[in-house]
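Subject: Structure handover

Hello,

Here is the structure for your files. My notes on what was found in it follow below.

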Amino acid sequence: MGEAPTANQVAVAVQDDLRTVMRNFATGVCVVTTFSGTASLRTHNALTINSLTSVSLDPPLISLSIRRESTFLADLMESRVWAVSILDAEGEDLARIFARPEQERKKALSSLPAKPGERTGALLLDSSAWLECRYWNHLVAGDHLLIVGEIVGLGTNHARVPLVFLQGAFHRIDLNRIG
């Protein structure tokens, strides 16, 4: 008779299966920005995420999930404000840039056109829509922190083709071919 799997073996198997299952869930793609330092000596940081979720309309809340050991998360928790740029099909390069290691992200951020949000000072990138948020609450969720933010500013740009992430790749949705 074989040995029963250990708890660690079961956890690893579930992690692998979860990755496989979640590859089949299409998500939008965003770049989140925040900063550290003071208003006169600010260092901006940015990170690609696909964990943005609308939580509540009253009050207006969203959530995002970031690895607990992330330096981006440390900056966000220090500043307590951030901006979300919801990427369109033209934003794939931005998504790739801000999925890189921190030093590459910061270097790229300093050379891209961006403007500070009026309510938070976090940078807004060219995108189909944007949100500015301030910290509302958080929850430790395994190796991530689920951060809830209150929306303090938002807007949209003209209608653009959405960018989604599915099965490990970026895809564009042709809205003219849907329904």
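The protein chain has 179 residues, of which 38% count as buried; here buried means under 20% relative accessible area, exposed over 50% and partly exposed in between, with a 1.4 Å probe and protein chains only. This is a predicted model, in which local features need pLDDT of at least 70 and side-chain atom pairs count only at pLDDT 80 or more, while totals for chains, interfaces and linings use all residues. Residues are numbered from 1 along each chain as its sequence is written, and side-chain values use heavy atoms, with hydrogens and water left out.

Overall layout

Along the principal axes, the C-alpha atoms of the protein chain fill a box of roughly 65 × 45 × 35 Å. The chain holds 4 helices and 12 strands; these are DSSP runs numbered from the N terminus, with helices being H or I of at least four residues and strands E of at least two. Taking contacts between residues at least 6 apart in sequence, 62% join residues at least 24 apart, where contact means heavy atoms within 4.5 Å.

An unreviewed UniProt entry lists residues 22-172 as "domain: Flavin reductase like". UniProt positions are given in the numbering used here, feature names are shortened, and annotations may be inferred rather than shown by experiment. In the model, that span is 17% helix and 52% strand, and its end C-alpha atoms lie 19 Å apart.

Threonine 34

Threonine 34 is in strand E2, which covers residues 30-38. This residue counts as buried because its relative accessibility is 0%. The side chain of threonine 34 reaches the backbone oxygen of valine 81 at 2.7 Å. Beyond its neighbours within four places in sequence, threonine 34 is in contact with residues including Thr43, His44, Phe72, Val81, Trp82 and Ala122.

Arginine 67

Strand E5 (residues 60-67) contains arginine 67. Not counting residues up to four places away in sequence, arginine 67 touches Leu73, Asp143 and His144.

Rings

Rings of Phe, Tyr and Trp (its six-membered ring) pair if their centres lie within 6.5 Å; planes under 30 degrees apart count as stacked, over 60 as edge-to-face and the rest as tilted. The count by this rule is 1 aromatic pair. Phenylalanine 165 and phenylalanine 170 form that pair, which is edge-to-face, at 5.1 Å centre to centre and 65° between the planes. Phenylalanine 165 is partly exposed, at a relative accessible area of 26%, whereas phenylalanine 170 is buried at 16%.

Two arginines sit over rings, a charge being over a ring if NZ of Lys or CZ of Arg is within 6 Å of the ring centre and within 35 degrees of the ring normal. Arginine 42 lies over the face of phenylalanine 35, 3.8 Å from the ring centre. The charged end of arginine 80 is over the ring of tyrosine 135, at 3.8 Å from its centre.

Cysteines

The structure holds 0 disulfides, a disulfide being a pair of cysteine sulfur atoms within 2.5 Å. Cysteine 30 is in no disulfide, and the nearest cysteine sulfur, that of cysteine 133, is 10 Å away. Cysteine 133 is likewise in no disulfide. Cysteine 30 is buried with a relative accessible area of 3%, and cysteine 133 is buried at 0%.

Regards

Notes:
Polar contact = N/O pair within 3.5 Å; in protein donor to acceptor, adjacent residues only side chain to side chain.
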